[in-house]
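I opened this entry to keep a record of what I looked up, going from the backbone to the ligand and then to the charged pairs.

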Amino acid sequence: MSLVPEIVFASGNRNKYIEIKKRLEKSGVQLLFGPDVLGGNLNVVEDGSTYLENAYKKALVWANETGLPSVADDSGLEVKALDWRPGIYSSRVAESDPSRIEWLLAQMANVEDRTARFVAALALVLPDGKQCWIVEGFCWGKIEHEPRGSCGFGYDPVFVPEGFEKTFAELGPDVKLRISHRSVAVEGLSNMLNCSYMVKSLLASSR
Ligand code: IMP
């Protein structure tokens with residue numbers, strides 16, 4: 001049994017893995033990249049009705065396959081004037097990042113209230129499926145009228161976080177790492193692990 005709990009990151013996205021790994025290591029757990037553990041990726045259909053359901057489903061499939069505690073994320077953009085759409089469908093409204101932005105700006109052509117938020121859910125699941133810890137992080141801001149900047153991905157070129165004048169795509173990775181929805185969610189999980197010796201020993205013994 002490893003003294004440092006090992007947790008599998010349930011995704012094939014290495015950039016997200018690297019971002020999350022650094023933060024969780026400070027809480028005394030080792031994050032393993034799912035495809036490295038299994039020797040390949042797993043495609044899990046994201047058919048839940050909430051971010052948490054999708055994150056839980058992905059984490060459970062990877063935990064079953066690897067026999068290790070697994071953590072998965074799911075995220076999206078919510079726009080107040082669109083009844084909080086596209087939400088869990090954020091990646092499915094069009095085929096590419098530029099066409100998704102085009103879709104969003106067309107939906108918001110006559111909208112004055114540009115309030116929006118990014119949401120990220122994380123689910124950490126034990127391999128026996130009997131316990132799950134979940135956390136959500138939010139990043140509030142507003143949607144610009146046209147894209148600006150070249151960093152990041154997805155809706156970053158049209159999202160201006162609260163307290164800033166520039167889009168995430170203009171602000172770059174340092175600011176995003178500090179304030180993003182994913183960072184807030186990882187911070188929440190990390191705080192929980194820091195505070196809970198019990199959870200860490202459960203993770204270390206559950207393989
Ligand atoms: P997933 O959680 O990787 O499946 O992301 C869902 C979709 O939400 C992405 O394809 C993006 O369209 C959008 N999204 C989630 N997080 C971000 C972000 O940090 N910046 C920009 N778009 C994001």
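I began with Pro86, which I found in strand 4 (residues 85–87), where strands (E, at least two residues) and helices (H or I, at least four) are DSSP runs numbered from the N terminus. The peptide bond that joins Arg85 and Pro86 is cis, with omega at about 0 degrees. I then looked at Asp83, in the loop between strand 3 and strand 4, and noted a positive phi of about 55 degrees although Asp83 is not a glycine. I marked both because most residues other than glycine have a negative phi, and most peptide bonds are trans.

A note on what I am reading: this is a predicted model, in which local features need pLDDT of at least 70 and side-chain atom pairs count only at pLDDT 80 or more, while totals for chains, interfaces and linings use all residues. Residues are numbered from 1 along each chain as its sequence is written, and side-chain values use heavy atoms, with hydrogens and water left out.

Next I turned to the ligand, which 14 residues surround, the closest being Lys16, Ser75, Asp156, Lys176 and Arg182; a residue counts here if one of its heavy atoms lies within 4 Å. By residue type, this shell divides into three nonpolar, six polar and five charged, with Asp, Glu, Lys and Arg taken as charged and Gly among the polar ones. Strand 3 gives the most to the shell, with three residues.

Which polar side-chain atoms face a nitrogen atom of the ligand? I found one of Asp156 at 2.7 Å and one of His181 at 3.1 Å, whereas an N or O atom in the side chain of Lys176 is 2.7 Å from an oxygen atom of the ligand. The protein covers 89% of the 480 Å² of accessible area that the ligand has on its own (Shrake-Rupley method, 1.4 Å probe).

Last, I counted 15 salt bridges, each a side-chain nitrogen of Lys or Arg within 4 Å of a carboxyl oxygen of Asp or Glu. In one of them the side chains of Asp47 and Lys57 meet at 2.9 Å, N to O. Asp47 lies in the loop between helix 2 (34–38) and helix 3 (51–66) and Lys57 in helix 3, so this pair ties together parts that are 10 residues apart in sequence.

How values were computed: Polar contact = N/O pair within 3.5 Å; in protein donor to acceptor, adjacent residues only side chain to side chain.
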